[in-house]
Amino acid sequence: MSIETISLSGRKKVVSNKDMTFIERLYLVAIVKGLIITVKHLFRKKVTIHYPEQVREMSPVYRGQHMLKRDEQGRENCTACGLCALSCPAEAITMKAAERKPDEKHLYREEKYAEIYEINMLRCIFCGLCEEACPKDAIYLTTSKVLVPASYEREDFIFGKDKLVMPLEMAMKNAQLKNAN
């Protein structure tokens, strides 16, 4: 068995350099096939929507903007374990852990918390692996249609805790909905 015959993928093709006939060199058959495809598309239903009047239905697996959750008492769920940053294939998440001080018990659930938590939205691919990796269910991707606002500055695309942490009013409303159910 020689090296030329080994194919690791099993998809090796042998290409021949045979001379084309006169009709093949004219490419008439290929042109006619292409025109037939074009004519078929002329009579199909159009997929264009008129955006302001019609809104396209979102996919059920749509993943929007990131949000760091809070619990019923308004404390952050994140314990800075770093699993979300490790699971991110784009390496978009960076964090710095810190110890909770005694007077910060009302802000953080555990002794360790994320002092700095940043997501570089230019690198993020919205895959949802950070959401799946989090053992405390602290980060999730919302169904909001707002992703990242346009800007000319790169620094505007690095979302810190100020943009990522769930607003306190939303956390309290979620707790009331949980208690009602």
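**Terms and cut-offs in a predicted chain**

Analyst: Glu91 sits in the loop that connects α3 (83-87) with β2, where helices (H or I, at least four residues) and strands (E, at least two) are DSSP runs numbered from the N terminus. This is a predicted model, in which local features need pLDDT of at least 70 and side-chain atom pairs count only at pLDDT 80 or more, while totals for chains, interfaces and linings use all residues. Residues are numbered from 1 along each chain as its sequence is written, and side-chain values use heavy atoms, with hydrogens and water left out.

User: Why is Glu91 called exposed?

Analyst: The relative accessible area of Glu91 is 58%, and the word exposed requires over 50%, whereas buried means under 20% and partly exposed lies in between (1.4 Å probe, protein chains only); Glu91 is therefore exposed.

User: What makes the phi of Glu91 worth a remark?

Analyst: Most residues other than glycine have a negative phi. Glu91, which is not a glycine, has a positive phi of about 55°, and Asp137, also not a glycine, has a positive phi of about 55°. Asp137 lies in the loop between α4 (129-133) and β4 (139-141), and with 40% relative accessibility it counts as partly exposed.

User: How do you know that the chain is more spread out than a compact globule?

Analyst: The chain has 6 helices and 5 strands. Its radius of gyration is 27 Å, well over the 16 Å that the globule rule gives for 181 residues, so the chain is more spread out than a compact globule; the radius is taken over C-alpha atoms, and the rule is 2.2 Å times the number of residues to the power 0.38.

User: Why do β2 and β5 count as edges?

Analyst: An open sheet of 3 strands has the order β2-β3-β5 with antiparallel pairing. Because β2 (93-99) and β5 (158-159) each have a single partner strand, one side of each is left without a neighbour in the sheet.

User: How do you know that β3 and β5 pair?

Analyst: Two strands pair if DSSP finds at least two bridges between them, and 2 bridges join β3 (residues 112-120) to β5, with the strands running antiparallel. Asn120 stands opposite Ile158 in β5.

User: What makes up the nonpolar surface patch?

Analyst: The patch of about 920 Å² includes Met20, Phe22 and Leu35, and α2 gives it the largest share, 4 residues. Patch residues need over 30% relative accessible area and no salt bridge, with like charges joined within 9 Å and nonpolar side chains (Val, Leu, Ile, Met, Phe, Trp, Tyr) within 5 Å; a salt bridge is a side-chain nitrogen of Lys or Arg within 4 Å of a carboxyl oxygen of Asp or Glu, and areas come from the Shrake-Rupley method with a 1.4 Å probe, where for residues only the protein chains shown count as cover.
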